[in-house]
Amino acid sequence: MKHAEFVVCFLLLLLLHVGAQIRSNGRWPVPYRRFDHRPDADSYCEALYPFCPTGDRDGRIPDMKDSDVISVYRLQTPVWEFKYGGLMGKFHIMHDAIGFSSSETGANFTMEWYELFQLGNCTFPHVRPEVYPPFWCNQGAACFYDGIDDLHWSQNGTLEKIAEITGNQFNAMAQWVQDDNRTGIYYETWTVRSDPGPNATVWFESYDCSQFVHRTFRKLTDLGAKLSSRSQTNYTKIYLYSGEPKYLGNDSAIFGQPALKNLAVDIRTFYHTFRPHQSFTDFTISLLEAYEKIVLDKSFYLYYNFEYWQLPMKFPYVKITYEEVPLP
């Protein structure tokens, strides 16, 4: 290696090390990054099932009269219940939302936050031959629409009244939803922890439908609402377990630097394993490749805040839980 190339490599590695110190600074979890506006989605990203087909795609919510009394409902149903019925519920993979009912008008509404382009696109990127960095379709957003589909929520899940709020409280919550939806733009599937124990360090928090419900419930509590449930309030969590994450960089730092070509290729190869629409044979091969990378090599690449981190994986590696999160 020439002297100049050695110096460049050394400086890049030094910058990666310093960047890791700056971004984590010993304080975990890494804060979720917020933005000043929501960008338009790239036309390459396509949803098999359209986002918010009957509601407001920008999460806009109509005003309620100050004198109105609004019932608040906790809603939960198995993921893809419309297609697979209660199947996902047997694995405790649930989707969460909030329902509202006006006492003055009798109108019902549903509010939920979910992926614009389905869960798989938010969890893993597309590895495209014409675009060197992995290409992400990972936006998530709020959807507010008329009605509460009682059967959809109650048949295999939960439809429970947990509070009554005033029209003023509802309108203040609606404004908060607009601000939250404009600044929190991307979906994050994984919660990353050091181990399954009660004193584990949380490296990264998920940002998904249940987290939106939790944030909204906390906001309603801040506005003076009293929330209560007759049943245990459980939610789905998908965990990765790892040692302390290593910061790698963003697209331009990794995929724009010849000195980091090996890292760039390794990230692309890793995500290629999880590509969509594979044949049964390819899927079987990919499953073995994923096992080798995650379990044998103990490595996982996480994309968080539009930056890459390497996770030194630990047993039990991946786990889906259905655990209690009490109402605030």
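Residues are numbered from 1 along each chain as its sequence is written. Local features need pLDDT of at least 70 and side-chain atom pairs count only at pLDDT 80 or more, while totals for chains, interfaces and linings use all residues; side-chain values use heavy atoms, leaving out hydrogens and water.

Let's begin with confidence. The pLDDT (the predictor's confidence in each residue, from 0 to 100) averages 90 over the chain, and 92% of the residues score at least 70. Over residues 1-22, however, the pLDDT is below 50, and this stretch has 14 contacts (heavy atoms within 4.5 Å) beyond near neighbours in sequence. Where pLDDT is low, the predicted coordinates should not be read in detail.

Nine of the ten residues of β1 are buried (under 20% relative accessible area, with a 1.4 Å probe and protein chains only), so the strand is mostly covered. β1 runs antiparallel to β2 (residues 94-102), joined by nine bridges, and Tyr73 has Gly99 of β2 as its bridge partner. Eight bridges join β1 to β5 (residues 158-166), also antiparallel, with Arg74 opposite Glu160 of β5.

Finally, look at helix α6, residues 209-222. Ten of its 14 residues are buried, so the helix is largely enclosed by the rest of the structure; among them are Phe212, His214, Arg215 and Leu220. After α6 comes Gly224, with a positive phi near 105°.

Methods: Helix = DSSP H or I, 4+ residues; strand = E, 2+ residues; numbered from the N terminus. Expected span 1.5 Å × (residues − 1). Buried < 20%, exposed > 50% of the residue type's maximum accessible area, 1.4 Å probe, protein only. Pairing = 2+ DSSP bridges.
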